[in-house]
Amino acid sequence: MTDIKVAETTRLAGEVLDRVGTAVVGKREPLMLVMAAILAKGHVLLEDFPGLGKTLAARSFAQALGLDFARAQFTPDLLPADLTGSFLYDQREGTFDFRKGPLFTGLLLADEINRTPPKTQSALLEAMQERQVTIEGETFALPAPFHVLATANPIEYEGTYPLPEAQLDRFLVRISFGYPTSNEEYDVVQRRLERRREEIVLQPATDAAGLLAMQEAVETVRVDESVGRYCVELATATRTHPDVLTGSSPRGSLALVLMGRAFAVLRGRDYLVPEDVKAVATSVLSHRITVKPELWMTEASGKRVVTEVLRQVATPTTLEGSRRP
């Protein structure tokens, strides 16, 4: 694997974002969060209304990163074997051959993940956490890198199966793109007219080996103890908030550090500062918080809890020692 320094990772990541930005117009900030999650070796839940570029973003990242891409449409009749693959009997050879499912790819788009039953949703758990699948007692390693970008529709609840907390916790971040401005929406129309075709093809800025090297560069980002403890205090504060039934698990504290490091690299630094943590806190923590049932009909939400926690927890002063001498 090629050794890539932080500065080169920053440049390559910026190039990837520039190329994806030609397809997904006007969404630089949420795209930076997706890029940071990939650099942090995590998975992304894109929860937004239909037609806002979730599928396009997933396909564009796969192209710009030079990763193999597979799409699985999650429907009520989707079976676990449809994702993992299965053993098929070869009559000529008299043996069982394993046929790989769409999980065996670099980037998997799990489209409308909340439309499939929990049994099939759970087929993703081992793949997302362990980077492997077990079929009929035999374990198969998934390719590296392996990332899941799942989409969910937050407004249609009929015929859907909400993701359990255990699976939500496996997603490093939950991100929404939101509606574009009028100018951005016209830009989408204009670019389509200029292309004279529906599909968008992006040239890769790197490949699978290059992404692995970029992820290793992120691992070298320095985290001062005060900033690490700040991440822990933020996650801990969500557990004592009066609106919260269950707060963030310790996985949330770790996710803040991992995402913060990747975001620091995107900003061109090899050390983590509190501002990086604040930039990613909502996308990292909000889906790990369960609001009390009696508050479901109010404005209480995981996002609001994170906003209030960020105001309440004291921000540490960045130490000069955390910077490169």
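Reader: In which sense do S2 and strand S5 (residues 107–111) pair, and over how many bridges?

Author: Strands of a sheet pair through backbone hydrogen bonds, either parallel or antiparallel. In this predicted model, where local features need pLDDT of at least 70, side-chain atom pairs count only at pLDDT 80 or more, and totals for chains, interfaces and linings use all residues, S2 and S5 pair in the parallel sense over 5 bridges (two strands pair if DSSP finds at least two bridges between them; strands are DSSP runs of E with at least two residues, helices runs of H or I with at least four, both numbered from the N terminus). Gln-73 stands opposite Asp-111 in S5. Residues are numbered from 1 along each chain as its sequence is written, and side-chain values use heavy atoms, with hydrogens and water left out.

Reader: What is the order of the strands in the open sheet, and which are the edge strands?

Author: The open sheet has 5 strands in the order S2-S5-S8-S1-S9, with parallel pairing. Its edge strands, each pairing on one side only, are S2 (69–73) and S9 (173–175).

Reader: At what angle do helix H1 (residues 6–21) and helix H2 (residues 28–39) pack?

Author: Axes are lines fitted to C-alpha atoms, for helices over the stretch in contact, and angles run from 0 to 180 degrees between N-to-C directions. H1 and H2 pack at about 130 degrees, with their axes 10 Å apart, and are therefore oblique to each other (under 35 degrees counts as roughly parallel, over 145 as roughly antiparallel, 65 to 115 as roughly perpendicular, and the rest as oblique).
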